[in-house]
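Hi everyone, thanks for coming. Today I'd like to walk you through some side-chain contacts, so let me put the structure up.

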Amino acid sequence: MRIAVFGASGRTGRQVVEQALERGHDVTAFVRDRSKLGVEHERLRVVEGDARDRDAAATALDDAEAAISVLALMSPDREPEHSEATGTIVGAAEEAGVRRIVVTANNDVLSDRELTGEYAAMGREHRRNRATLEASGLDWTIGASPRVTDDPPTGAYEAVPDAKGPGKRLGAADFATFTLDALGRDDWVGHVVGVSAPA
């Protein structure tokens with residue numbers, strides 16, 4: 001499969017790129033700075049840019065069959081950069097005919113309860129992304145996780161459609177595995193899937 005990965009130089013994104021290549025996929029890695037990716041491969045294409053830039057997003061999606069976004073809001077004062085980027089990616093995917101998209105989020109995306117505290121902005125952004133995907137014509141899946149860690153990869157996770165995963169944490173490598181597995185799960189299309197390490 002030809003996959004465009006947005007947020008490819010981040011902790012989870014780099015894992016998505018490496019695992020996708022290991023599985024034999026062709027990958028386009030979308031990054032702000034290619035020097036931070038640290039991955040080279042004959043089946044890897046790198047596109048630099050801001051994901052809020054429609055032309056840049058369209059370039060990454062050119063000839064893609066699916067997209068994975070592991071973008072995140074880097075700090076609360078940059079709200080709503082994350083949801084603006086997701087809106088741009090979704091629009092570019094619709095124009096390019098790329099129907100399958102998997103997007104990562106935290107567990108706040110699973111409810112509409114009031115958000116407070118230092119991570120409230122992140123939760124609001126994930127909810128905006130959910131609304132954008134729900135209003136789109138794409139075959140979308142959102143993977144919702146608890147705290148993402150640097151735990152070593154296990155290849156194991158638990159996934160629960162429309163509810164939180166049973167565990168309290170999830171390693172970035174295993175989250176990446178979920179995103180790639182999700183591309184082949186038609187039963188997860190149109191669902192927020194709670195994913196965590198096994199309880």
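**Rings and charges**

Let's begin with two phenylalanines: F6 is buried, and F30 is buried too. Keep in mind throughout that this is a predicted model.

Searching the whole structure turns up 4 aromatic pairs. One of them joins F6 and F30 in a tilted arrangement, with 5.1 Å centre to centre and 35° between the planes. This pair links distant parts of the chain, since F6 sits in strand β1 and F30 in strand β2, 24 residues apart.

Elsewhere, ring pairs tie Y157, F175, F178 and W188 into a cluster.

Now for the salt bridges. How many does a search of the whole structure find? The count is 20. Among them is the one between D150 and R11, at 3.4 Å from N to O. Here D150 comes from the loop between β7 and β8, while R11 belongs to helix α1, 139 residues apart. Is D150 buried or exposed? D150 counts as exposed because its relative accessibility is 60%. R11, at 42%, is therefore partly exposed.

Another salt bridge pairs E79 with R128, whose closest N and O atoms are 2.8 Å apart. E79 is in the loop between β4 and α3, and R128 is in helix α4, 49 residues apart. With 23% relative accessibility, E79 counts as partly exposed, and so does R128 at 35%.

Last stop, a network: salt bridges link R32, D50, R52, R78, E81 and E84. Thanks, folks!

Terms used:
Residues are numbered from 1 along each chain as its sequence is written. This is a predicted model: local features need pLDDT of at least 70, side-chain atom pairs count only at pLDDT 80 or more; totals for chains, interfaces and linings use all residues. Side-chain values use heavy atoms; hydrogens and water are left out. Rings of Phe, Tyr and Trp (its six-membered ring) pair if their centres lie within 6.5 Å; planes under 30 degrees apart count as stacked, over 60 as edge-to-face and the rest as tilted. Helices (H or I, at least four residues) and strands (E, at least two) are DSSP runs, numbered from the N terminus. Buried means under 20% relative accessible area, exposed over 50%, partly exposed in between (1.4 Å probe, protein chains only). A salt bridge is a side-chain nitrogen of Lys or Arg within 4 Å of a carboxyl oxygen of Asp or Glu.
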